Amino acid sequence: VIGAAARRGADKGEQGEAVDNAVHSGVIFFVIVVGLVDAGLPWPVPKGCSR
Amino acid sequence: MIAGHFGFAAGVKAAEQQTPLWALMLSTVWLDIVFVPLFLMGIETLEPVAGLTGGYGANIIHADYTHSLVGAAALSAVFGAAFVFRWGLRSGVVLALVSFSHWVLDLIVHRADMPLLPGDIGHFPRFGFGLWQLPQATIAIEALLVVAGAWLYYRAARSVSKAAGRGIARADIASLLILIGGLGVLALDVSGILG
């Protein structure tokens, strides 16, 4: 479960929380980058719909 | 489990090419996204398994709303419905099903901590086959989902790029990102850095 680290981050103190935040930001960044690269591919688009 | 969900989403993209990958990836972790604010509010909680200190697969997850069977189905339906008007009924249904696939994959790994009804109304028996008790097996399944998803995506992306006469390099990059990023997320999860 995403967010599980938040509790451990609190247990580990501010440094641990900073690491957890950085890691979760990295996961979000990963999804955004992959999504953007994928969006440039010539995939079929549903008729009458737009991206 | 996080990386396995992403791998599954990439595999679905190969079959449902009209639905954007970002939406599939968002849908596959939608239940966890809703979990975060509920967790921060203390409505849903985590509890380390007795004798363990938490980490990869070592928590009892009291996500009684987002990860209840009925709650997951309702959240998935809402997610899919939100995209019907933009991308059509088929994509909406696909996104709803991918969102619900999160519950199905979690069913395999969770210890029996997922209730039938939101808030565990009625206190029915909880679901979860508990594969997390065998972390190596769970890691193998997650890695397999990532590799298979990246491979299926690669084949589909290459195919549409070749047919269109453009985007082949982009297809390779996207596939590589899915593979490396997915395995990276898995490594972070297993190491206990990512929850």
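This is a predicted model: local features need pLDDT of at least 70, side-chain atom pairs count only at pLDDT 80 or more; totals for chains, interfaces and linings use all residues.
Trainee: How far apart are the closest N and O atoms of B:Glu16 and B:Arg90?

Mentor: They are 2.6 Å apart, and the two residues form a salt bridge. B:Glu16 is in the loop between α1 (3–15) and α2 (21–28), while B:Arg90 belongs to helix α4.

Trainee: Is B:Glu16 buried or exposed?

Mentor: B:Glu16 counts as buried, at 15% relative accessibility.

Trainee: What does B:Arg126 pair with?

Mentor: The side chain of B:Arg126 meets that of B:Asp64 in a salt bridge, 2.9 Å from N to O. B:Arg126 lies in the loop between α4 and α5 and B:Asp64 in the loop between β2 (59–62) and α4, so the pair ties together parts 62 residues apart in sequence.

Trainee: And how accessible is B:Arg126?

Mentor: B:Arg126 is partly exposed at 28% relative accessibility, whereas B:Asp64 is buried at 15%.

Trainee: Which helices hold B:Arg158 and B:Asp172?

Mentor: B:Arg158 is in helix α5 and B:Asp172 in helix α6 (residues 168–191), 14 residues apart. Their side chains form a salt bridge at 2.8 Å, N to O. Both count as partly exposed: B:Arg158 at 22% and B:Asp172 at 26%.

Trainee: Which residues do shared partners join into one network?

Mentor: B:Asp64, B:Asp120 and B:Arg126 are joined by salt bridges that share partners.

Trainee: Changing topic, what is the phi of B:Asp120?

Mentor: It is positive, about 55 degrees, although B:Asp120 is not a glycine. Most residues other than glycine have a negative phi. B:Asp120 sits in the loop between α4 (69–109) and α5 (135–164).

Trainee: Why does B:Asp120 count as buried?

Mentor: Because its relative accessible area is 9%, and the cut-off for buried is under 20%.

Trainee: What about B:His123, buried or exposed?

Mentor: B:His123 is exposed, with a relative accessible area of 65%. This residue is also in the loop between α4 and α5, and its phi is positive, near 50 degrees.

Trainee: What confidence does the predictor give chain B?

Mentor: The mean pLDDT of chain B is 93, and 98% of its residues reach 70 or more. For the complex, the predictor gives an ipTM of 0.81 and a pTM of 0.88.

Key:
Residues are numbered from 1 along each chain as its sequence is written. Chains are lettered from A and ligands numbered from 1 in the order in which they are written. Side-chain values use heavy atoms; hydrogens and water are left out. pLDDT is the predictor's confidence in each residue, from 0 to 100. Helices (H or I, at least four residues) and strands (E, at least two) are DSSP runs, numbered from the N terminus. Buried means under 20% relative accessible area, exposed over 50%, partly exposed in between (1.4 Å probe, protein chains only). A salt bridge is a side-chain nitrogen of Lys or Arg within 4 Å of a carboxyl oxygen of Asp or Glu.
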